[in-house]
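Subject: Handover of a structural model

Dear colleague,

Please find below the structure that I am passing on to you.

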Amino acid sequence: MIPGVDVRKLPLTPTDGYLLTRVNGQATVGDIARETGVWEQEVVESFEKLVQLNVVTFGSVEEAIAAMKKPAPAPLKAAVLSAAYDPAMINEVCDLDTEQRKRVLDLFFALEDNDYYTLLGIAKDADKKGIKKAYYEVALPMHPDKFFRKALGTFKPKMEAVFAKLTLAHDTLLDKEKRVEYDIYLKDVAHTKGMEAMLARAMEEARAAQDALAATVNTPSVMPPPVAPSAPPAAPAPTVDPAVLQARKSALAARLMGGRQRPTTANTGFAPQPVPEVKLQPKVQQSSTEAMDSLRRRYDDRLSSAKDAQVAKYVTAAEGSIAKNDWVAAANAYRVAMDLAPDNTEVHDRARYAQTEANKILAESYQKQAIYDEKNERWTEAAKAWVRVAKLKPEDPNANERAAFTLGKADGDIREAAAYAQAAVNLQPQILKHRITLANLYMAAGKPALARRELEGAAQIAPGDAVVQAMLKRIPK
Amino acid sequence: MEKVIGIDLGTTNSCVAIVENGSPVVIPNRGGYKTTPSMVAVTEAGKRLVGHIAKRQAITNAENTVYAAKRLIGRKWNSPQVKNAVATSSYRIVEGPHADVRIVLRDKEFSVPEISAMVLQEMKVIAEDYLGEPVSKAVVTVPAYFNDNQRQATKDAGEIAGLDVIRIINEPTAAALSYGFGRNVEKTVAVYDFGGGTFDISILEIGAHGVFKVVATAGDTFLGGEDVDARIIDWLVSGFKDEHTIDLRQDRMALQRLKDAAEKAKCELSGVKETEINLPFIISSGRNEALHLQRQLTRQTLEELSVDLIERTIDICKQTLDDAKLDKDEIEEVILVGGMTRMPKIQEAVQGFFEREPCKGVHPDEVVALGAGIQGAALIDDKQEMILLDVTPHALGIMTFGNVFEELIPANTTVPTHRQKIFTTSRDNQTAVKIIVMQGDSQKADENELLGEFILSGIRRAAKGQVEIEVTFEINADGIVSVRAKDLETGLEQSIQVTATSGLTRDEIKAMVDNAKDDLLDRRSSDEIEAAKQEAQKLIADIEKLFPQVQQIVASSDFGREAIDKAKAVVEKAKQAIDRKDLAAIKEQIEGLSRTQRMFKGVVAKT
């Protein structure tokens, strides 16, 4: 925090202020998010504002923000360039030049995964003028009239799709009400993305916490400080910079090996080390065995107390999150705690409960998103969201069926889609809809025999069904 | 590079233009006039006459001279507009084989596109004479408020005339192109286009890089200078009747002379305050003596005769600004187009409404053709940096259960565009759906224009609302509408491209609607509708349960009977709203229902 700034005079929201109270020069974005129960995405946004207002400066946090921002949509060019498609498509012969063809493909394949602001290459707070200007610049070269009666091949429908989408973006953002609605939707998406990022990082964090623990306890085990029998249990040491740790380890190894370098990997694990040549004089002379035992005891003590402290920290964070009704953050914190204390059944139970609650919330959130996407014909996005719902609620036949259906619509992985449809059929064998979706997917996958089998199953359930009969007729024998 | 001409096919006059060496010019006809009357005649000898030459002989050959054919193009025989034209035209209009309109000239029937084709051909010849080379491509303008049937019929006329109509554009848009072309302005403009037969208002944004984006457009395809003429004719006819008790309308030649005189007087009154209408020997009296018509018409009288017409145009302007979500002061320029805007009263009204003096820099008769020429050049010539983003003037959608028009593409949507919506079946075990494609702005389907229809069959037998049908509308850059219906379960698909007029009359549509009732689609119930419906149904059940009790209690009082009747009406309305799946209506009725329920409970509790 920069001293001498009068925070009260700044345009801060309550959230900004709350977050600001947690800034202590050490906490990372992740720490603050966990502690406050605010979404990481929002923490980042808030801090960006704070940095701009010159309230705070960041060292590591700034880097953390930069690291977090990397996967987020970058400005137009980068985002568009990152669109993935078969580069051979650019070679299609038509009246467009290579650059134009590239531009069309870049935009076309970026349509699904980018929000309106990114597509138009404008900031979230762009005004009417900025939106119009960007629209003219990006959309007009895509208007089919620019290439009137030219041979455009498969580029023509792509250009029309790009133009229509950009126009929709323009119209949505220029209409006050629609823009508000859209921004809320984006916020929801960011929310779920935030949850997703947390989930993805929970494991990583657990691993990191383990490593940190091991490092904390390991280092002194080879270089024990003078410890009096009455010495207080060591407090959990601050995380040691891995580079420093590595340097220390190498130095020690060099000394032990009499100057010969050795791969440092030998230093890992808890195996008893050769009795170190202790430079500091212990107060009481002990036999080597006694020294070993003492060391080990101390090591275990330190390990468990450090672990306990860590576990306690995460459990507290989790409880804090629960108090704020933020089950997703709670589940994450518990998960880390659970990894640290694999034998603590209480933590396990709580973690499981929090996870169930979190899944419910996530599933709901994704389902909301999926329905909005489906309504707006964004099949790829809808498919992604339904797949999440289906994964979170594997026992929900409708989610499985929708996942299968939208995957099919989005030209997604047919095998995956079929698996979801199969799950839906297994859950509700009597529902025709599931079987028809599955049969359609089999057809799309070029497996008429399987489709036929499914339809014959359907025909047994509903013998007179016209659709099933019609579909059966269409399958070549 | 091949040249593309721009043709303003007007109700009373037509005009042709071309871009030469980067600047648009109007091509004069052989007589040196820049506009040509949109009139067609057939002489006794069977010779076809078009333009000035047709106009000159109109009085002596009234029955075989067609004017204002544009008011009939793409319309159905039974439409009120055609009925009106039949009553007031000096030429014969009859019903064609497909309930369409035919015009009889020397005992031969012509379709309306054929008549318009003769005018277009004349314009083509004018351009060819001027350029000294054949011309085959054209951009033709139509009123912005023309529907698809009218546009298609205009395109057909071009084809009959041997023209490849590469694009149909809207007249006010064309005017804006001409206004903004080469000026490098960035402005929001309103184009007030009051022509011979139609009124249009369009609001456009002119941006950098030659962008012309239409924001909103509206109009009335049966409101124009012809209506002002008709008011003058009415005034003359009724005056004559008062004096001589003779109805001049009975005589086609007299009618044509009146029409001529009315138009002339109207034009003159834009410049002078008073004019004399003098038609000697207009008709013979019963005793075979010649009667003359001679009257003074003042500008003030003309203004009084047409005040409501002018007010109508201002109302439409207001509506369009609302649609565009713009305030008056956001309009930076007002462009006047069409002969009627020469009338001082109209200029005054427009200036009064927009609180801004209209732009004087464009020629109201030529600006549309110039714009069409500019668009033609921009399409063909890669070097032209100009692009026109137009909108669809009417909403497009399908008819759903209960005569509801379900909009898929709203009015004022930038084209090209495509939209889709999912519907469900409207009755149990329905195996086919009829997709009735419509265009219009009424929520009641049968008040809109029918564009086409098709049937999607082979649908699974299921309870109503179970099967989902996805309907997709697409308008491409050329303005062609295609509609696709897809059974989401089976993947079965049917589609049409709206290309030709269906030739159905309003009555036929009604009959068809009645017959097709069972085959229509229905709105998909959303969760919200479902929740509201359940709430309403619960209230209805409550009320209906209490009915006998309440009836018994309040039977003696007048007040009670009234309350019961009201309650019954509320329940009935709510049930209808539920049947229609009309969320807003259901919500509205829930209020009434809960009030009734409270009242009933109160009555029962008291006793």
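The notes below set out the conventions, then each chain, then selected sheets and residues.

Conventions

This is a predicted model, in which local features need pLDDT of at least 70 and side-chain atom pairs count only at pLDDT 80 or more, while totals for chains, interfaces and linings use all residues. Residues are numbered from 1 along each chain as its sequence is written, chains are lettered from A and ligands numbered from 1 in the order in which they are written, and side-chain values use heavy atoms, with hydrogens and water left out.

The two chains

Chain A has 20 helices and 0 strands, where helices (H or I, at least four residues) and strands (E, at least two) are DSSP runs numbered from the N terminus. Of its 477 residues, 41% count as buried; buried means under 20% relative accessible area, exposed over 50%, and partly exposed in between, with a 1.4 Å probe and protein chains only. Chain A exposes about 25900 Å², of which carbon and sulfur atoms supply 57%. These accessible areas come from the Shrake-Rupley method with a 1.4 Å probe, and for residues only the protein chains shown count as cover. Among contacts in chain A between residues at least 6 apart in sequence, 62% join residues at least 24 apart; contact means heavy atoms within 4.5 Å.

Chain B comes to 14 helices and 30 strands. Of the 607 residues of chain B, 58% count as buried. For contacts in chain B between residues at least 6 apart in sequence, the share joining residues at least 24 apart is 66%.

Sheets and hairpins of chain B

Strands are said to pair if DSSP finds at least two bridges between them. One open sheet of 3 strands has the order β6-β5-β7 (chain B), with antiparallel pairing. Its edge strands are β6 (48-50) and β7 (65-66) of chain B, each of which pairs on one side only. Strand β5 (residues 40-42) of chain B and β7(B) pair in the antiparallel sense over 2 bridges, and B:Ala41 stands opposite B:Thr65 in β7(B). Helix α3 (residues 112-131) of chain B packs on this sheet and touches β5, β6 and β7 of chain B; the direction of the helix makes about 65° with that of β6(B). Axes here are lines fitted to C-alpha atoms, for helices over the stretch in contact, and angles run from 0 to 180 degrees between N-to-C directions.

A further open sheet of 3 strands has the order β8-β9-β10 (chain B), again with antiparallel pairing. The edge strands, β8 (92-95) and β10 (108-111) of chain B, each pair on one side only. Neighbouring strands of this sheet are turned by 40° against each other on average, direction ignored. In the antiparallel pair of β8(B) and strand β9 (residues 101-105) of chain B there are 4 bridges, and B:Glu95 stands opposite B:Val101 in β9(B).

Strand β27 (residues 468-475) of chain B is mostly covered, with 7 of its 8 residues buried. Strand β24 (residues 417-425) of chain B runs antiparallel to β27(B) and is joined to it by 8 bridges; B:Gln420 stands opposite B:Thr472 in β27(B). β27(B) also pairs in the antiparallel sense with strand β28 (residues 481-487) of chain B, over 7 bridges, and the bridge partner of B:Phe473 in β28(B) is B:Val483. The hairpin of β27(B) and β28(B) has 5 residues between the strands, and in it B:Gly479 takes a positive phi near 85°.

Strand β16 (residues 274-284) and strand β17 (residues 290-298) of chain B pair in the antiparallel sense over 8 bridges. B:Ile283 stands opposite B:Leu291 in β17(B). In the hairpin of β16(B) and β17(B), which has 5 residues between the strands, B:Asn288 takes a positive phi near 65°.

Individual residues

A:Asp396 lies in the loop between α15 (379-392) and α16 (397-409) of chain A. At 17% relative accessibility, A:Asp396 counts as buried. A polar atom of its side chain lies 3.3 Å from the backbone nitrogen of A:Ala399.

A search of the whole structure finds 0 disulfides over all chains, a disulfide being a pair of cysteine sulfur atoms within 2.5 Å. B:Cys15 is buried, with a relative accessible area of 1%, and B:Cys317 is buried, with a relative accessible area of 1%.

Yours sincerely

Key. A polar contact is a pair of N or O atoms within 3.5 Å; within protein, one must be able to donate a hydrogen and the other to accept it, and residues adjacent in sequence count only if both atoms are side-chain atoms.
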